[in-house]
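Hi everyone, and thanks for coming.

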Amino acid sequence: MGVAGLWDVLKPAAKTRSLTELAVKEGFQTNPKGLRGYRIGIDASIWFFHAEYGKEGENPVLRTLFFRCATLTKAPFLPLFVFDGPKRPDFKRGKRINKSTNKLITGMKTIVEAFGFEWRTAPGEAEAELAYLNRIGVIDGILSDDVDNFLFGALTVIRNQSNNLSGNKSNPVVNSEGKDDKNHTRVFRLQDIQDHEDIQLSRGGLILIGLLSGGDYEEGLRKCGMVTAHSLARCGFGDTLFEAANKLSQEELVDFLHTWREELRQELKTNSKGYLKNRQIALSKSVPDTFPNIDVLLSYAQPITSESLGHAGRNPIITWSKEPNFALLAAACELYFEWGYKEAIIKRFRTVIWPGAVLRILRRAVLEVDQISASQYEDEGYGTPSKMIAKHFSNMHLDDENTSDENGAAALDANLIISISLERNHVSTDRLLEYRVEVAPTQLVQLAESGIKGLRQPEGPNEWDSDEDENGNDEDEEGGRRKGKRAAGPVDPTSHLRLWMPACMVDIVEKKLVKDFRDKQERKKLKK
């Protein structure tokens, strides 16, 4: 989507990174806004487009969206979904845009809210609103395949974000060992694009390329390819055009374009700045007096956003304070999916939801530590108290004097994290230090069960007998392929899990467990 071929021009400036490493280092550890997370904007329409390829079961589009949201919870991302608004263009690439409300938007918002993610509706195009929010610092980056985000003013775009989060299954980004681990991405930053000696493109230059070679709004100049468009942008024609579009009235802009157009034609004839491969005399003669289309220029330079309208509309306030609600997630599964009965939901949550849930609980515990005197937890660590989990991850609140087992909201004595058994620096996370923690998911199971109303029953004994992800892969609780034969009987949903978690999060929350693990390692070394 967007300007065809432009990603290839920008690719030398991209940095390949693990999604987990990106979110942990630039969100959790750097912690610029005190949120312990990386705020990431997502164009909901692109996810709808990719999800339409889903064919399995009841509500296949919502099913795909559910699994992709679950993937986002496995790193400290704080997602904001933006939906297209009523003022988006009537036409794109010569085709009329269907502005009727997608019937699945209600279902998607239900799932997004159950995961604790933020959402809003843009006044116009979602990518333009996301670019604005990125530029003013409301979000740290945009997860998108659409290069137009940069034309609208974005500063950071995360593209090709593994074949679990985009439609790119034929050309995935690989890790440092050349393998597709479904966790690597290319990160594009406008500053890197401007500074790269072979690219040197500003926002104005990117807009000029879109006008010359064609994009979503217009075909561009005939016989003007990407190489020529890039060369003219490096000559500075895009910068002067962008400045004029923002400073001049429409009448003044028309007068400016007469001179600007002649300078463009002259450069094509003479190649005086030396950026063109050769002189383009024929192309200079074919530049029409109507180029560029002012409406298209202003669509890029001054898109319809909350900024241009001066208000955010009737959107929910973005707080970044929400967490996944396990009861609401279970209720959504019961409502939308054919496997939405108790046994199947809890079984699937074990492999799909609990890994991200544990990471989210660790992050929330760190936020609690950030707000209190850390000295009182210097030895033991804050831990993951059941009251905190109930307060932030369900609709139930536990107090000191009134706790019960009703609706699965028991104040359990057992810790969520029992022990640490291993550590690693794995290629899938760019060698980020991780601990393998043992987790007792009893409270998580109880909170999820509290949202299930019994609306569905299994249609047969073998209706749901595997732990498959959205792509049909049989995965264990750590996200790896199962080895050997499956267990003869069903797994106890409250039995312990072993999960890999970022060490920097566990270090803050579970100090005693970390000390016990280190002491055990030291004893092993001395024994050897």
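Let me start with a residue you can find in the last stretch of the chain view. K520 has a relative accessibility of 45%, so it counts as partly exposed. When I say buried I mean under 20% relative accessible area, exposed means over 50%, and partly exposed is in between, with a 1.4 Å probe and protein chains only.

Before going on, a word on what you are looking at: this is a predicted model, where local features need pLDDT of at least 70, side-chain atom pairs count only at pLDDT 80 or more, and totals for chains, interfaces and linings use all residues. Residues are numbered from 1 along each chain as its sequence is written, and side-chain values use heavy atoms, with hydrogens and water left out.

Back to K520, then. K520 sits in helix α23, residues 511-527. Helices here are DSSP runs of H or I with at least four residues, strands are runs of E with at least two, and both are numbered from the N terminus.

Searching the whole structure gives 22 of them. One of these joins the side chains of R518 and E423, at 3.0 Å from N to O. The two come from distant parts of the chain, with R518 in helix α23 and E423 in strand β10 (residues 417-425), 95 residues apart. R518 is partly exposed because its relative accessibility is 31%, and E423 is partly exposed at 31% as well. There is also a network: R17, E21, K25, E26 and R189 are joined by salt bridges that share partners.

Here is another pair for you: R135 and E307 form a salt bridge whose closest N and O atoms are 2.8 Å apart. This one also links distant parts of the chain, from R135 in helix α6 (residues 126-135) to E307 in helix α16 (residues 306-309), 172 residues apart. R135 is partly exposed at 35% relative accessibility, and E307 is partly exposed at 41%.

A further one is K342 with E449, where the closest N and O atoms are 3.9 Å apart. K342 in helix α18 (residues 342-352) and E449 in helix α21 (residues 442-449) are distant in the chain, 107 residues apart. Both partners are partly exposed, K342 at 41% and E449 at 28%.

Helix α10, residues 203-213, is largely enclosed by the rest of the structure, because 10 of its 11 residues are buried. Among them are R203, G204, G205 and L212. Just after α10, G214 takes a positive phi of about 100°.

Helix α4 (residues 60-72) is largely enclosed too, because 11 of its 13 residues are buried. The buried ones include R63, R68 and C69. From first C-alpha to last, α4 reaches 19 Å, close to the 18 Å expected at 1.5 Å a residue, where the expected span is 1.5 Å times one less than the number of residues.

Last, some backbone geometry. Most residues other than glycine have a negative phi, and most peptide bonds are trans. Where is the cis peptide bond? It joins F291 and P292, with omega about -5°, and P292 is in the loop between α14 (281-286) and α15 (294-301).

K182 is not a glycine, yet its phi is positive, about 60°. You'll find K182 in the loop between α8 (162-165) and β9 (184-189), partly exposed at 31% relative accessibility. R431 also has a positive phi, near 65°, and lies in the loop between β10 and β11 (433-439). At 44% relative accessibility, R431 counts as partly exposed.

That's my tour, and I'm happy to take questions.

Note on methods:
Salt bridge = Lys/Arg side-chain N within 4 Å of Asp/Glu carboxyl O.
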